[in-house]
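Here are my notes on this model, written as numbered points. Keep the structure open beside you as you read.

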Amino acid sequence: MSARAISEATGKRILNQHLPHELGAAQCRFASIQEDTDWDALVGENPWLMNEKLVAKPDQLIKRRGKLGLIKVKADFSEAQQWIQERMNKDQQIGKASGKLRNFIIEPFVAHEQSEEAYVCIYSSRSSDTILFTHEGGVDIGDVDAKALKMEISVDDEMKLDEDEVMATLLTAVKDESTKKRLAKFIVGLYSAYVDLFFTYLEVNPLVVTPDKIYILDLAAKLDATADFICRGKWGKVDYPPPFGRDAFPEEAYIADIDAKTGASLKLTILNASGRIWTMVAGGGASVIYSDTVCALGGSEELANYGEYSGAPSEQQTYDYARTLLSLMTKEKHPEGKVLIVGGGIANFTNVAATFKGIVKALEEFQVKLKEFDIKIFVRRAGPNYQEGLRVMREIGKSLDIPLYVFGPETHMTSIVGMALGKRAIPVTTHSGDTTTANFLLPSSPGDAKSPMPTKKAFDLAPKAEVTAADGSKVASSLFGKGTKAIIWGLQTRAVQGMMDFDFVCQRAQPSAACMVYPMVGGDSKQNFYWGHKEILVPVYKNMSDAMKKHPDADVMVNFASLRSAYDSTLEAMEYPQIRTIAIIAEGIPENMTRKLIKAADAKKVNIIGPATVGGIKPGCFKIGNTGGMMDNILHSKLYRPGSVAYVSRSGGMSNELNNIISHQTDGVFEGIAIGGDRYPVSTFMDHLLRYQAEDEVKMLVLLGEVGGTEEYKVCEAIGNGTISKPIVAWCIGTCADMFSTDVQFGHAGASAGGEAETASAKNKALTEAGARVPASFDELGEVIREVYSDLVQKEVIVPRAEVPPPPVPMDYAWARELGLIRKPASFMTSICDERGQELIYAGMPITEVFRQNMGIGGVLSLLWFQRRLPPYACKFLEMCLMITADHGPAVSGAHNTIVCARAGKDLVSSLVSGLLTIGDRFGGALDGAAKQFTGAYDANMIPMEFVNSMRKKGQLIMGIGHRVKSINNPDMRVTLVKEFVQTQFPQTPLLSYALEVEKITTSKKPNLILNVDGCIAVSFVDLLRHSGCFTKDEADEFVKTGSLNGLFVLGRSIGFIGHYLDQKRLKQGLYRHPWDDISYVLPEINQ
């Protein structure tokens, strides 16, 4: 959501930090009090509390606190403290809302006269900001709209005020010239802060103007929360409190935290924690409709929550959301049991099966409690891979032995609500009879056609240059035609492939995606896509100007830019006259930016759909991005050819549901647009309804509005004056808001009523009175659409004709594999690591568990190298090996090569590789050799002397024996460390003991023929493999053969080589050249 109320303390803190001192406003002094406040510490931080008269009041978004007797005035500190303590955590009834007072604010009492009180309010609307001012403020202000003077500031790039204009417009009733000038300066500064800090509402009542200072006494404010990425540094930490009467639950904060960390949308509001009806609904619009239907069927008092999950959340995120809901459901029992409604419309791009796996995981976790709390579950969903998702849900219901009822798109979206509440019978057979799956058309009988094609003549699908509304005014031309070409901003390959598949099934001559633009690419390139069976290349440009020049026939831009860059990229696109239509997909663009886009689009005559939309679709012609969903839904809803019904909706998710309803109840969709769920969509309902009105092929209209805003009243006016004369079926979602005791912000930013006129019920009533066909609830929307359509067929306004089947579209390989329709041998196999899920997994152990158990590097090696958890002493031994082999000075061949390479100016990787390539039998490779030689002799039952003599006879060196510097009298401390650890920690060390016996023999001949570090590590490692109990003998031998010992040396020595590289760079050593005097030049003598 965007406009969110903040506490009075937060608002005053922000203004304290950003209102310039020269405005003459006094700093707002205040102290916030909660139940756990330390009063002594509070006084220490705010010493003025003890020596001034005070004002105490609740700070919980409560309006008209003075009228309600919730302000204590002229109190000393002890009186204010007592007054607050008497009310703290006590029940309070305010209107329909009942709640507890938990947050208070104390401020200094400002002595003043009634005549010094004023009122100022700033609020934003679609095309302007409005400032209200009256020189009479305070508790008894009365009707502000009637009393206050008003000043409108049109949206533009500057958004600034002039002091003279303020005085002339707002301050005419202020007699004192000096006071008038001070107030004008203050209002100009206050408005500047309002704009700069992205406020959407700011009210001060009273504003006290004394001869020397201006005081902000009571304040109410809202911020545009979507501007957080711009204003976080200015705002500081901002908490958005729930409305009075609804406590904030930790579960709500948990879901909000997940939501903030993902591109998906996850929302949860607890309405009645003791309620028996719980919902888990996919989609912002659908979530409101399900709540509406629950309330319409008499379940408002038992509705426990409002929430949504949408935007393709991962399996883990869906699991976290479902687990949170189930934990809330199973806190207390209900005598009638409980129901969980897992609902949603037809998804555009969310993989239904993937999200359902998260729900299934949560259901499995709560199996016992589901039965204990008598919970019934009703599921209705459709969209990509929904068949697999529904199958999984049916199976989990059977395996857990719980009442779980599953339905697909063959069932009206909200029918499961009536079933859950016992108002509708539960069908015995719930399996869908669909003939399509994913984006693959299955064979069907030639005559299989549920709904006929419209009209006797062929459709004219070419875009019209201009159309005329019923009142004679010129309105926007048709947005899309059979030859529409689009530029796609962003590398949204899945969406582009979906557009191409749609184009192909619509039998377009050419793809609609002309090119893609993405500034982050290194340079211009091409991206491959499929056109039916054929592979084609689509250009990708770094700069938009290049795309425009090379594709002058493209007149649509589909903007997939993020909320941070969508504004700038849209403004840039509007600089090119060829662009007539732009779709902005991003949700969460700050409202000030959106309002500027509205003005720019109007000036340049560009049609903008969005923001916060999936886009729109014109069957047989063009679709925006992911609109219409996967190919199975396009085929199911017959979107490959035009029908006679045009619709406009706020919700993108609900547009697919409308496609489904209209295709089942009529001859299909001619065009459908989702204008977007933000408070200020650039194009409006009327913009598109006027186009439909002027389009001959459109015979009836469908409008799906929602709570919030007043755009629907313009539709009422147009119906009343005849501007819209075609039959229109309309419904505004959000009727449930009337039945809630507190304000609820629904999934869309614009879905919140600012007054009685903005409620869904008021708008539905107005539409009915204007002459639109308005159903009693969304549950009946399909029936009303069918009635209107049937009447048009009977009057021969629509003349049906036989259905023509579309061409089949090949299924993408990746999608077919995900659906389990095909299988193919993998090119690679791995058994040690899996990065595909929510978190990295090492040999079956999540990375979080690796750290929780403090496994260290040795533990990670045990998982990745040996695919098992080794005992602690083994992990410690592995770490010792890495530490001991990390380096042996700059003179050894590997370090020397690394240094020479580093001094030649090579990079770290090249220098490291040059050192590693020296590892072999003569350097480092002795570990493998030693292990094989000693193991072979030991397994052959050769006594140490036999082993030494046999190696001498073969003329072979014993690997792991001998050192250039160390000897029996000057032992290698590295060997001592390893030997002592192994002998005290390992369960058995037969091979180490054998090697030490060999050492006795070799050192008796020459004192430096000791068991060196390579040999000691090698034989100890074999003892570990063979006697730790973690490996069979065959497994132990296999690990030695595959080079795991050399792996230890390579890994350890890499640490040292990197150290030498960094050392040389730090010392800034130049190119190395070996000195002549260290080279013996021995050349052959050749007789001349």
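1. The model is predicted, so local features need pLDDT of at least 70, side-chain atom pairs count only at pLDDT 80 or more, and totals for chains, interfaces and linings use all residues. Residues are numbered from 1 along each chain as its sequence is written, and side-chain values use heavy atoms, leaving out hydrogens and water.

2. Lys605 has a phi near 60°, which is positive in a residue other than glycine. With 67% relative accessibility, Lys605 counts as exposed. Look for Lys605 in the loop between helix H18 (591-604) and S30; helices (H or I, at least four residues) and strands (E, at least two) are DSSP runs, numbered from the N terminus.

3. Arg64 isn't a glycine either, yet its phi is positive, about 55°. Arg64 sits in the loop between strand S3 (54-58) and strand S4 (72-75), and it counts as exposed at 61% relative accessibility.

4. Now for two cis peptide bonds. One runs from Asn205 to Pro206, with omega near 5°, and Pro206 lies in strand S11 (residues 199-209). Another goes from Gly610 to Pro611, with omega near 0°; Pro611 is in the loop between strand S30 (607-609) and strand S31 (616-618).

5. Next, trace the open sheet of six strands: the order is S32-S31-S34-S33-S35-S36, and the pairing is mixed. Two strands pair if DSSP finds at least two bridges between them. At the edges are strand S32 (622-623) and strand S36 (728-733), each pairing on one side only. Helix H21 (residues 685-694) packs on the sheet, touching S33, strand S34 (669-674), S35 and S36, where contact means heavy atoms within 4.5 Å.

6. Inside that sheet, strands S33 (residues 645-649) and S35 (residues 700-706) run parallel and are joined by five bridges. Ala646 has Leu701 in S35 as its bridge partner.

7. Which residues of helix H36 (residues 1033-1041) are buried? They are Ala1036, Phe1039 and Val1040. These cover an arc of only 100° around the axis, so they're on the same side of H36; the arc is that of the directions from the helix axis to the C-beta atoms. On the other side of H36, Asp1034 and Lys1041 are exposed. Cover for the buried residues includes helices H27 (856-866), H31 (926-939), H35 (1013-1027) and H37 (1044-1067).

Terms used. Axes are lines fitted to C-alpha atoms, for helices over the stretch in contact, and angles run from 0 to 180 degrees between N-to-C directions. Buried means under 20% relative accessible area, exposed over 50%, partly exposed in between (1.4 Å probe, protein chains only).
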